Amino acid sequence: MLSKKMETALNKQIALEGYASFLYLAMASWCDNEGFEGCANFMHRQSEEEKEHMLKIFHYISEVDGFALTPAIKKPPHTFKSIREMFQKVYAHEQKVTKSIHELVALSLSEKDHSTYNFLQWYVEEQREEENLMRTILDKIKLIGDGPQSLYYIDKEIEKINIAEEKAAAAEEGK
Ligand code: OFO
């Protein structure tokens, strides 16, 4: 049984995950438009993942007899100064999501809601991985440089990371 407070907090998380999905979709479109194919593929996959994260909470709320709400999603930015700026925004958003997940965990502990606490552990792990991934990408961009000569190589590197992430997800599903 979900408390009203927890139900509201989880519904807020649905909105945050939904916004992440739209933000990454907007980024995929910008990358496509700029000719960054590897980055576009990466962002499309991230966007799909965030949608799954949103739906997972949606189903959980229903499962524990709460009322899941379809969120209003505000319009994300559609243009970016550079690939570096775009990934900085991704990293900042992931940090925001992590903070929110940690607050949910704290609430579940204070309410002795063990079911929600257990459910949230998956998100704790996921956020650790995502923040690490975005930091790795930002480090690579720093290393390669993001001047005009480097863009092609950055895009190829992101494509490699994307393929590795796809493989890891497929292996996880096959378990
Ligand atoms: Fe939903 O995983 Fe990041 O935001």
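K112 is exposed in the predicted model, with a relative accessibility of 66%. The residue lies in the loop between α3 and α4. Its backbone has a positive phi of about 55°, although K112 is not a glycine. A second residue of this kind is D65, with a positive phi of about 70° and likewise not a glycine. D65 is located in the loop between α2 and α3, and its relative accessible area of 63% places it in the exposed class, for which the cut-off is over 50%. Most residues other than glycine have a negative phi.

The loop between α2 and α3 also contains A72. A72 is exposed, its relative accessible area being 76%. In sequence, 54 residues separate A72 from G18, whereas in space the C-alpha atoms of the two residues are 8.8 Å apart. With a relative accessibility of 68%, N33 counts as exposed. N33 and T79 are 46 residues apart along the chain, and a separation of 9.9 Å is found between their C-alpha atoms.

Confidence in the prediction was examined over the whole protein and by element. The mean pLDDT of the protein is 95, and 100% of the residues reach 70 or more. Among the elements, helix α1, spanning residues 4–34, has the highest mean pLDDT, at 98. The lowest mean value, 90, belongs to helix α5, which comprises residues 151–174. Where pLDDT is low, the predicted coordinates should not be read in detail.

The packing of the helices was then considered pair by pair. Helix α2 covers residues 37–63 and helix α3 covers residues 83–110. The two pack at an angle of about 15°, with 13 Å between their axes. Because angles under 35 degrees count as roughly parallel, α2 and α3 are assigned to that class. Their crossing is left-handed. On the α2 side, the contact involves C39, F42, M43 and E50; these residues meet I83, M86, F87, V90 and E94 of α3. By class, the residues of this contact comprise 7 nonpolar and 2 charged, with no polar residue.

Helix α3 also packs against α4. The axes of α3 and α4 come within 9 Å and cross at roughly 160°. This angle is over 145 degrees, and the two helices are therefore roughly antiparallel to each other. The crossing of α3 past α4 is left-handed. The contact of α3 with α4 contains 17 nonpolar, 8 polar and 6 charged residues.

Two buried residues were examined individually in these helices. E131 is found in helix α4 and has a relative accessible area of 14%, which is under the 20% limit, so the residue is classed as buried. When residues up to four places away in sequence are not counted, E131 touches Y91, E94, Q95 and T98. One of these, E94, is also among the α3 residues that meet α2. S100 lies in helix α3 and, at 17% relative accessibility, also counts as buried. With residues up to four places away in sequence again left out, S100 touches Q13 and L16.

Helix α4 spans residues 114–144 and packs against α5 at an angle of about 155°, their axes lying 10 Å apart. The helices α4 and α5 are therefore roughly antiparallel to each other. In this pair, α4 passes α5 in a right-handed crossing. From α4, the contact is made by L133, I137, K140, I141 and I144; from α5, Y153, I154, E157, I158, I161 and E165 take part. Sorted by class, the contact has 8 nonpolar and 3 charged residues, and no polar residue is present.

Conventions:
Residues are numbered from 1 along each chain as its sequence is written. This is a predicted model: local features need pLDDT of at least 70, side-chain atom pairs count only at pLDDT 80 or more; totals for chains, interfaces and linings use all residues. Side-chain values use heavy atoms; hydrogens and water are left out. Axes are lines fitted to C-alpha atoms, for helices over the stretch in contact, and angles run from 0 to 180 degrees between N-to-C directions. Helices (H or I, at least four residues) and strands (E, at least two) are DSSP runs, numbered from the N terminus. Angles under 35 degrees count as roughly parallel, over 145 as roughly antiparallel, 65 to 115 as roughly perpendicular and the rest as oblique. A crossing is left-handed if the near helix is turned anticlockwise from the far one by less than a right angle, and right-handed if clockwise. Contact means heavy atoms within 4.5 Å. Ala, Val, Leu, Ile, Met, Phe, Trp, Tyr, Cys and Pro count as nonpolar, Asp, Glu, Lys and Arg as charged, and the others, Gly among them, as polar. pLDDT is the predictor's confidence in each residue, from 0 to 100. Buried means under 20% relative accessible area, exposed over 50%, partly exposed in between (1.4 Å probe, protein chains only).
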